[in-house]
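This report describes a metal site, a sheet and a nonpolar core. The sequence and structure come first.

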Amino acid sequence: MQLTLPSLPYSYDALEPYIDAQTMEIHHTKHHQTYINNLIAALEKHPEFDTPSLQDLLIDLSTVPHDIRTAVRNNGGGHFNHSLFWNIMKPNGGGKPHGKLGEEIKKTFGTFESFQEIFNTQAKSVFGSGWAWLSIDNATGNLIIGGLSNQDSPLSYNQTPLMGLDVWEHAYYLKYQNKRPDYIAAWWHVINWDMVEENYRAVIE
Ligand code: MN3
């Protein structure tokens, strides 16, 4: 399992003005790093536990020793979710998805705009800390938009995440304060649709 902080594929100020450099740096070097540190500390309590990949760990949390299961759920989820989050953003991103994902979004939600509206509503209505997700429901193969609390990962709910929006206050408070809807609106300008499409293809192909 990769238990080191992944490098960002762009600089901390690359997503300006939509996401500010200070937030990106603290989010990456402090928050994400802390999830990794706490995950390592939890797993060290059970050296006998044959740790699978992070993904497999989150897919089936029931294999995790009981006394560290919550720590693994929170911090393993934090590590996985943030690793995905950095990669589905890029400078000069945004626009609309093309290719198979674009087609599937239209098939499922009617138009890109209605998809966006449902996603925004979900992101705004996460109570407290959590994420909004676009995932594939593994049981049906359908696209699904949902909100999850804390660092829960769609992986633990029989879903495969394609993209997620971190709506913890630490993701936006320095620049947007209490105005989560403004942060959500700005975020659409930095989505890396090529990567979301790649995540989609990895599931369907
Ligand atoms: Mn975060």
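## Basis

Helices (H or I, at least four residues) and strands (E, at least two) are DSSP runs, numbered from the N terminus. The model is predicted, so local features need pLDDT of at least 70 and side-chain atom pairs count only at pLDDT 80 or more, while totals for chains, interfaces and linings use all residues. Residues are numbered from 1 along each chain as its sequence is written, and side-chain values use heavy atoms, with hydrogens and water left out.

## Manganese site

Four protein donors are given for the manganese ion: His27 (NE2), His82 (NE2), Asp166 (OD) and His170 (NE2), at 2.0 to 2.1 Å. Donors are N, O and S atoms within 2.8 Å of the metal (3.2 Å for Na, K and Ca); water is not among the atoms, so sites may look incomplete. Along the chain the donor spacing reads H-x54-H-x83-D-x3-H. Histidine 27 in helix α1 (residues 21-44) and histidine 82 in helix α3 are 55 residues apart, a pair that links distant parts of the chain. Both histidine 27 and histidine 82 are buried (under 20% relative accessible area; exposed is over 50%, partly exposed in between; 1.4 Å probe, protein chains only).

## Sheet and packing helices

An open, antiparallel sheet is formed by 3 strands in the order β2-β1-β3; two strands pair if DSSP finds at least two bridges between them. The edge strands, β2 (143-149) and β3, each pair on one side only. From one strand to the next the twist averages 30°. Strand β1 (residues 130-137) is joined to β2 by 7 bridges, and alanine 132 has glycine 147 in β2 as its bridge partner.

Helix α3 packs on the sheet, touching β1 and β3, and makes about 75° with the direction of β3. Axes are lines fitted to C-alpha atoms, for helices over the stretch in contact, and angles run from 0 to 180 degrees between N-to-C directions. Helix α4 (residues 99-109) lies across β1, β2 and β3, at about 85° to β2.

## Proline 161

Proline 161 is in strand β3 (residues 159-166) and counts as buried because its relative accessibility is 5%. Beyond four places in sequence, its contacts (heavy atoms within 4.5 Å) include Phe80, Leu84, Trp133 and Pro154.

## Nonpolar core

The largest nonpolar core has 59 residues, of which Met89, Phe115, Met163 and Trp187 touch the most other members. Such a core is a set of buried Ala, Val, Leu, Ile, Met, Phe, Trp, Tyr and Cys residues joined through side-chain atoms within 4.5 Å.
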